[in-house]
Amino acid sequence: MNDAQPKRAVVIGGGLAGITAALELADAGLAVTLVEGRPRLGGLAFSFRRGELTVDNGQHVYLRCCTAYRWFLDRVGGAELAPVQAKLDVPVLDVAHPRGPRLGRLRRDALPVPLHLARSLATYPHLSLAERASVGRAALALKKLDPADPALDGVDFATWLSRHGQSDRTIEALWDLVGVATLNATAPHASLGLAAMVFKTGLLSEPGAADIGWARVPLGELHDTLARKALDAAGVRTGTRTKAEAISRGDNGGWRVEVAGETLDAEVVVLAVPQKETHDLLPDGVLDEPGRLLGIGTAPILNVHVVYDRKVLRQPFFAALGSPVQWVFDRTDSSGLKGQGQYLAISQSAAEDEIELPVAELRARYLPELEKLLPAARGAEILDFFVTRERTATFAPTPGVGRLRPSARTRADGLYLAGAWTATGWPATMEGAVRSGFSAAGAALSTLGRPHVHPLQEAA
């Protein structure tokens, strides 16, 4: 802080990880430049215009236990725009039940863990009495696991669930209902370590941990507009449409980042871009096995957007069983839709089988399913139907991925990695992205000898 010339930092990537790292470094007194190849900030959690609508590329939610993302919202001044439920309440509609559609709810009360979910589970109509009892036993066994145990990383979640008496129906109606949305993978394709982390933190840590929050405004307002204001206020020089082309050693042990028409010199560089892009930009020798980054796979998310001429859903969201539909959200107000219509977004995680299907085929598949789930949609006019596809939405949380995820530090002082795919202990979530930004900035400041308190410890 007392240096005549402040240390310089370049952050490559303007997603949540890069924004977080840039804010932390700037707050510590570094002169920070953030470069992003896209014309906007926010990474894969962004908005765009479609006619009069402002559309999120996909539905993003977070939980009360996501303390890092909540810090991010506070830091950019957006916490009130993305509030959390007062108490967990998830409507779950099964349209394939032999006796007709059945609505259940996953709710919590104020009792201590794990009793906070006991009443809801006892009346959950999508499982038999024996299946509900088996869930309680599996939850107690899950609570004893250590998600950081490397042995868990090599086991798939479905195998563990089967060993603990969970039927296929129980996995579908409960474990995958939550797991697919948070892990972007079904139980057979998810690391037990990551699944244990999700369920222990979200459902078995404290009563309110799984209360759901989501943006009541377009994501671009939070992750681009407000984030850019926060960066400007912190003194960060932000360049969009500015793609990093190369990183090399500079003079006096520093770094040089080549961007179009300019060379940026810095003592600190944070690479906060996806794993393949990171691999391609890394200088030789800074990771022991850089090829391992290419072993971290990706998983897609498909979002189907439907605008009706009338209101067909009275809940803010619901989850579905017995249908290809996974989760449905009402995005009417946040999109700016005027008049009597309603805009619904269907969020489809682990969408490998559908991600490349033509729009016409997806329309023929999903509109009848929505009519089964929502009787009010029958006969409603479709004002608009469109699809957004994120083919590499997240890293794939497959068994064994933990040993491939690198830490924030590289072998070279001054060069750090960030991104939800790095070793955060979390799956690919907004929470994991922000935590990775903390780790990269903290490692850089530690190497520079700068006093630094972790933001979450500071908040505590």
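Author: A residue counts as buried under 20% relative accessible area, as exposed over 50%, and as partly exposed in between (1.4 Å probe, protein chains only). The model is predicted: local features need pLDDT of at least 70, side-chain atom pairs count only at pLDDT 80 or more, and totals for chains, interfaces and linings use all residues. Residues are numbered from 1 along each chain as its sequence is written, and side-chain values use heavy atoms, with hydrogens and water left out.

Reader: Why is S134 called buried?
Author: Its relative accessible area is 5%; the limit is under 20%, so S134 is buried.

Reader: Which residues is S134 in contact with, leaving aside its neighbours within four places in sequence?
Author: They are H164, G165, Q166 and T170, where contact means heavy atoms within 4.5 Å. S134 itself belongs to helix α4 (residues 129-143); helices (H or I, at least four residues) and strands (E, at least two) are DSSP runs, numbered from the N terminus.

Reader: What makes β1 and β13 a pair?
Author: Two strands pair if DSSP finds at least two bridges between them. Strand β1 (residues 8-12) and strand β13 (residues 268-271) have four bridges, in the parallel sense, so they pair under that definition. I12 has L271 in β13 as its bridge partner.

Reader: In what order do the five strands of the open sheet run?
Author: The order is β9-β2-β1-β13-β19, with parallel pairing.

Reader: Why are β9 and β19 called edge strands?
Author: β9 (237-240) and β19 (415-417) each pair on one side only.
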